[in-house]
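Colleague: Could you take me through this structure, please? I would like to begin with the side chains and then move on to the helices.

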Amino acid sequence: MLKLLGPGLLAALFFSSTFILNRAMSLEGGHWVWSASLRYLWMTLFLVIGPLLIGRGRLLLDALRLLYRYWRFWIVAGTVGFGVFYAGIAFAASYAPGWVVATTWQITVLASPLVLLLYGRRVPLRGVAFTVLIFVGVLLVNLSEMHATSWREVILGGLPVLIAAFAYPLGLQLVWEARSGGHTRIPHIVDPVLGDSFARVLLLTLGSLPFWLVVILATQPPPPSAGQWMNTALVALLSGVVATSLFVYARHQARNAYELAAVDATQAAEVLFALAGEMLLLGAAFPSLWGVLGAGLTILGLILYLLAQGKR
């Protein structure tokens, strides 16, 4: 089990860089639009240059061909799954500490079954009761911030993450439904390139670029600083490349549903890593008793829920 949990926990460590660095850029005065959009600019560069360096240029050409053929679909899927999702995460960093955003993000566990129901899919009910712990924990964490801020900032720091928690599985499930077919309004895409996870991430990233252009033109933020360019590159590399690779590796090593659930449960450690990182790197204060209790309930609920899903 250690060979699964080790890479999973490392992935959570690198994923937590998203919340820490977004908060750092916000505290330094960086606009949230650049924190979000520049990450996907860097992701585009990494995802385009990467295949060329490792001799997978054919995969890149096949992905671009699929983008051209179904460009409307990829713009919608990329806008929802990557655009709305990460805009909410980056916006929230302007009003809430990274560990609070990381904790609130765990509510995506509640969102995923609802998204599946929206697409007419069956949802396993085993362990759903544990999601109540997640919800209560997230609520306590956000309410614990009331001693240092206002209701307005709590809402602006929490609501965008709630929207992001639904947008992410909604966009990813769009791609799954397109591969499976059976929907009148979703194109049935039959192409072997969609079997490659790298290609799917590339297509969603490219599909999100028009969204970021519209957001930049609509908000007209001040130019990003050199530090913001560097930090968004780090987020793209650490979270988008390293963490994703480690997480996918750990899941591929799992031999059954129980082990898969155990790997997924390691991502709850993002909350702890984000909190420790903010305290060490940004000088953040230790959370209140209610904040600690809320984070603990969220982590416990997530682990119990995922393990219950994995049991036969």
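This is a predicted model: local features need pLDDT of at least 70, side-chain atom pairs count only at pLDDT 80 or more; totals for chains, interfaces and linings use all residues.

Colleague: How many aromatic pairs does a search of the whole structure find?

Modeller: The search finds 14 aromatic pairs. One of them joins Trp105 and Tyr168, whose ring centres are 5.8 Å apart.

Colleague: Why is that pair called edge-to-face?

Modeller: The ring planes of Trp105 and Tyr168 stand at 65°, and an angle over 60 degrees counts as edge-to-face.

Colleague: Which helices do Trp105 and Tyr168 lie in?

Modeller: Trp105 belongs to helix 6 (residues 98-105), while Tyr168 belongs to helix 9 (residues 151-180). The pair therefore ties together parts that are 63 residues apart in sequence.

Colleague: Are they buried or exposed?

Modeller: Trp105 has a relative accessibility of 12% and counts as buried, because the cut-off for buried is under 20%. Tyr168, at 28%, counts as partly exposed.

Colleague: What lies over the face of Tyr86?

Modeller: Arg39 does, at 4.5 Å from the ring centre.

Colleague: Let us turn to helix packing. How do helix 2 and helix 5 pack?

Modeller: Helix 2 (residues 17-27) and helix 5 (residues 71-92) pack at an angle of about 55°, and their axes are 8 Å apart. The two helices are therefore oblique to each other.

Colleague: Which residues make the contact?

Modeller: Helix 2 contributes Thr18, Phe19 and Asn22, and helix 5 contributes Tyr86, Ile89 and Ala90. By class, this contact has four nonpolar residues, two polar residues and no charged residues.

Colleague: Which residues of helix 7 are buried?

Modeller: In helix 7 (residues 108-118), the buried residues are Thr108, Val109, Leu110, Ala111, Pro113 and Val115.

Colleague: And what comes just after helix 7?

Modeller: Gly120 is found there, with a positive phi of about 80°.

Colleague: Which residue other than glycine has a positive phi?

Modeller: Gln220 has one, with a phi near 45°.

Colleague: Where is Gln220, and is it buried or exposed?

Modeller: Gln220 sits in the loop between helix 10 (197-219) and helix 11 (226-253). Its relative accessible area is 65%, so Gln220 counts as exposed, the cut-off being over 50%.

How values were computed:
Residues are numbered from 1 along each chain as its sequence is written. Side-chain values use heavy atoms; hydrogens and water are left out. Rings of Phe, Tyr and Trp (its six-membered ring) pair if their centres lie within 6.5 Å; planes under 30 degrees apart count as stacked, over 60 as edge-to-face and the rest as tilted. Helices (H or I, at least four residues) and strands (E, at least two) are DSSP runs, numbered from the N terminus. Buried means under 20% relative accessible area, exposed over 50%, partly exposed in between (1.4 Å probe, protein chains only). A charge sits over a ring if NZ of Lys or CZ of Arg is within 6 Å of the ring centre and within 35 degrees of the ring normal. Axes are lines fitted to C-alpha atoms, for helices over the stretch in contact, and angles run from 0 to 180 degrees between N-to-C directions. Angles under 35 degrees count as roughly parallel, over 145 as roughly antiparallel, 65 to 115 as roughly perpendicular and the rest as oblique. Contact means heavy atoms within 4.5 Å. Ala, Val, Leu, Ile, Met, Phe, Trp, Tyr, Cys and Pro count as nonpolar, Asp, Glu, Lys and Arg as charged, and the others, Gly among them, as polar.
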